[in-house]
Amino acid sequence: MRELSVVGGGVIGLSVAWRAAARGHRVTVYDPDPGRGASWLAGGMLAPVTEAWPGEEDVLTLGEASLRRWPDFARDLAEEGVDPGLSPHGTLVVALDSADAGNLEMLAAYLTELGREVEQLTGREARRAEPGLAGSVRSGLLVPGDLAVDNRRLLHALKDACGRHGVEFRRETVTELDALDGDVVLAAGAWTGRLHPALAGAVRPLKGEILRLRPRRGCLPPPVRTVRAMVEGRPIYLVPRDDGELVLGATQYEAGFDETVTARGVRELLEGAERVFPGIAEYELVEIAAGLRAASVDTMPFIGELGEGVFAATGHHRNGLLMAPVTADAAVAWLDGGPLPDEVAAATPSRRSEERV
């Protein structure tokens with residue numbers, strides 16, 4: 001049994017803590033408010049294929065490796081006591097104009113070339129799949145292999161599982177690693193770059209605003225699957241929840257550590273969503289919030305040893321929930337003294353030194 005300090009109590013930190021404690025290690029999580037932060041505000045998409053783009057093949061490979069782990073990860077959590085709410089309904093990406101339709105065709109060709117399962121739809125076929133879509137939808141791309149998870153149920157499940165295995169929670173903000181006991185996993189999200197010199201300037205905050213809505217009586221129900229679109233160059237996603245709520249996101253700003261919600265961000269999200277799914281205009285608006293993603297310099301996270309006894313698990317950008325299983329597996333393998341999963345090789349923190357050379 002080894003002593004492990006996990007800095008950060010978001011989805012990455014909690015996943016590492018749970019898996020490590022289940023292996024018999026003594027684990028302490030340091031976070032002033034575990035289970036909140038960016039993970040609490042996530043859309044919950046587990047969608048490496050629809051996030052894919054040429055030039056980011058390593059990110060796609062890592063994401064798919066983690067996606068394959070998700071059914072077992074969710075089942076193990078459910079067996080611990082709380083079902084995290086994994087949804088198998090896939091993703092529908094829609095195009096509203098000719099430029100977007102062209103981009104969808106490019107994405108479909110790229111994914112088909114890589115051997116990924118996708119189905120191109122006409123506008124009529126897309127509306128048949130999701131009847132609430134706007135009549136202006138020109139085409140769609142159905143990705144059946146993508147999953148989604150209820151992020152808040154997931155965080156509750158992880159905290160519960162950690163408690164069952166004796167994880168200690170200290171509601172503290174860590175500023176110096178020297179004060180921590182044992183080995184250390186850095187999973188403090190956007191703040192991680194302040195805690196180790198090897199990550200200084202490599203991980204930065206990227207602000208995102210999201211809304212939560214609920215259909216009122218007489219409204220069209222939310223879509224069955226995740227719906228994504230580009231509206232005037234801005235990404236929009238609508239992710240349904242089992243309780244009837246709909247998560248709408250997400251803006252993306254370079255705004256430092258500012259977590260205030262802007263009127264412009266809310267307006268852009270609502271206007272964009274209404275163009276994709278008009279019935280949302282009559283929904284009840286139940287929550288408005290902003291969070292800080294941990295963005296890396298090259299969209300690939302940092303997963304690997306930083307130095308003697310310190311392991312990086314940060315910089316996941318939009319993919320923290322998606323990559324939680326493979327990141328936790330890597331951290332536990334490191335703690336146990338074994339080899340890391342092959343898929344995380346491209347995420348090694350040492351690539352920064354190689355780039356400088």
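1. The lining of the second largest pocket is made up of eight nonpolar, three polar and four charged residues. Here Ala, Val, Leu, Ile, Met, Phe, Trp, Tyr, Cys and Pro count as nonpolar, Asp, Glu, Lys and Arg as charged, and the others, Gly among them, as polar. The model is predicted: local features need pLDDT of at least 70, side-chain atom pairs count only at pLDDT 80 or more, and totals for chains, interfaces and linings use all residues. Residues are numbered from 1 along each chain as its sequence is written, and side-chain values use heavy atoms, with hydrogens and water left out.

2. There are 15 residues in the lining of the second largest pocket, and Ser87, His89, Pro240, Arg241 and Asp242 lie nearest its centre. Strand 4 (86-87), strand 8 (147-149) and strand 13 (234-240) are the elements that give two or more residues to this lining. The volume of the second largest pocket is about 190 Å³. On a 1 Å grid over the protein atoms alone, a pocket is an open set of points with protein on both sides within 12 Å along at least five of seven lines, while a cavity is a set where a 1.4 Å probe fits but cannot get out; lining residues have an atom within 4 Å of a point. Grid points are joined across faces, edges and corners, and a volume is the space filled by probe spheres set on the points.

3. Why does the second largest pocket lie between domain 1 and domain 2? Domain 1 (3-84 + 149-202 + 297-355) and domain 2 (88-146 + 205-296) both give residues to its lining, so the pocket lies between them. The domain bounds come from an automatic or database domain assignment.

4. Strands are DSSP runs (E, at least two residues), as are helices (H or I, at least four), numbered from the N terminus. Two strands pair if DSSP finds at least two bridges between them; strand 3 and strand 8 have two, in the antiparallel sense. Met45 stands opposite Ala148 in strand 8.

5. Strand 13 is mostly covered, with five of its seven residues buried (under 20% relative accessible area, 1.4 Å probe, protein chains only). Five bridges pair strand 13 with strand 12 (residues 226-231) in the antiparallel sense, and Val227 stands opposite Leu238 in strand 13. The hairpin of strands 12 and 13 has two residues between them, and Glu232 in the turn has a positive phi of about 50°. Strand 13 also runs antiparallel to strand 14 (residues 246-249), joined by four bridges.

6. The structure holds two cavities of 30 Å³ or more. The largest has about 130 Å³ of space and is lined by 14 residues, of which Glu51, Glu56, Val59, Arg318 and Asn319 lie nearest its centre. Helix 3 (57-80) and helix 8 (320-335) each supply at least two residues of this lining, and helix 3 gives the largest share, three residues.

7. The second largest cavity has a volume of about 40 Å³. Its lining includes Ser87, His89, Ala148 and Pro240, and divides into three nonpolar, four polar and one charged residue.

Methods:
Buried means under 20% relative accessible area, exposed over 50%, partly exposed in between (1.4 Å probe, protein chains only).
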